[in-house]
Amino acid sequence: MLLGHYAVALAAKRAAPRTSLGTLTAAAQWTDLIWPLLLFLGWESVRIDPGNTAFTPLAFDRYPFTHSMVAALAWGVIFSGVY
């Protein structure tokens, strides 16, 4: 799953060679970087459910501010505006 984030950052490097790879990587992973903060604030929710999936014991209940398509587009606009 994380490989896709890095692939976007590396592809963007070709389109914007003057932008640092660190910035592009942060932009591609921004939703995953802020997700713990939004969990802490209670805006998104997850619960521990062993055996829920083969990969992780986390059951993702609600995460509309980081992983919805509309939110991801909004975060992209905000991130690029700040940059």
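Keep in mind as you explore that the structure is a predicted model. Helix 3 covers residues 30-41, and strand 2 covers residues 58-62.

**The length of helix 3**
- Helix 3 has twelve residues, and at 1.5 Å a residue they should span 16 Å.
- The C-alpha atoms at the ends of helix 3 are 17 Å apart, which agrees with that expectation.
- After helix 3 comes Gly 42, whose phi is positive, near 85°.

- Thr 31, Ile 34, Trp 35 and Leu 38 are the buried residues to look for in helix 3.
- Viewed down the axis of helix 3, the buried residues fall within an arc of 140°, so they line one face of the helix.
- Leu 37 and Phe 40 are exposed, and they sit on the face of helix 3 turned away from its buried side.
- The cover over the buried residues of helix 3 includes strand 1 (45-48), strand 2 (58-62) and helix 4 (69-82).

- Leu 58 has 25% relative accessibility, so it counts as partly exposed; the buried class is for values under 20%.
- Not counting residues up to four places away in sequence, Leu 58 touches Trp 35, Val 46, Arg 47, Ile 48 and Asn 52.
- Tyr 6 lies 52 residues from Leu 58 along the chain, and their C-alpha atoms are separated by 23 Å.

Technical notes
Residues numbered from 1 in each chain as written. Predicted model: local features only at pLDDT ≥ 70, side-chain atom pairs only at ≥ 80, totals over all residues. Heavy atoms only, no water. Helix = DSSP H or I, 4+ residues; strand = E, 2+ residues; numbered from the N terminus. Expected span 1.5 Å × (residues − 1). Buried < 20%, exposed > 50% of the residue type's maximum accessible area, 1.4 Å probe, protein only. Arc of directions from axis to C-beta. Contact = heavy atoms within 4.5 Å.
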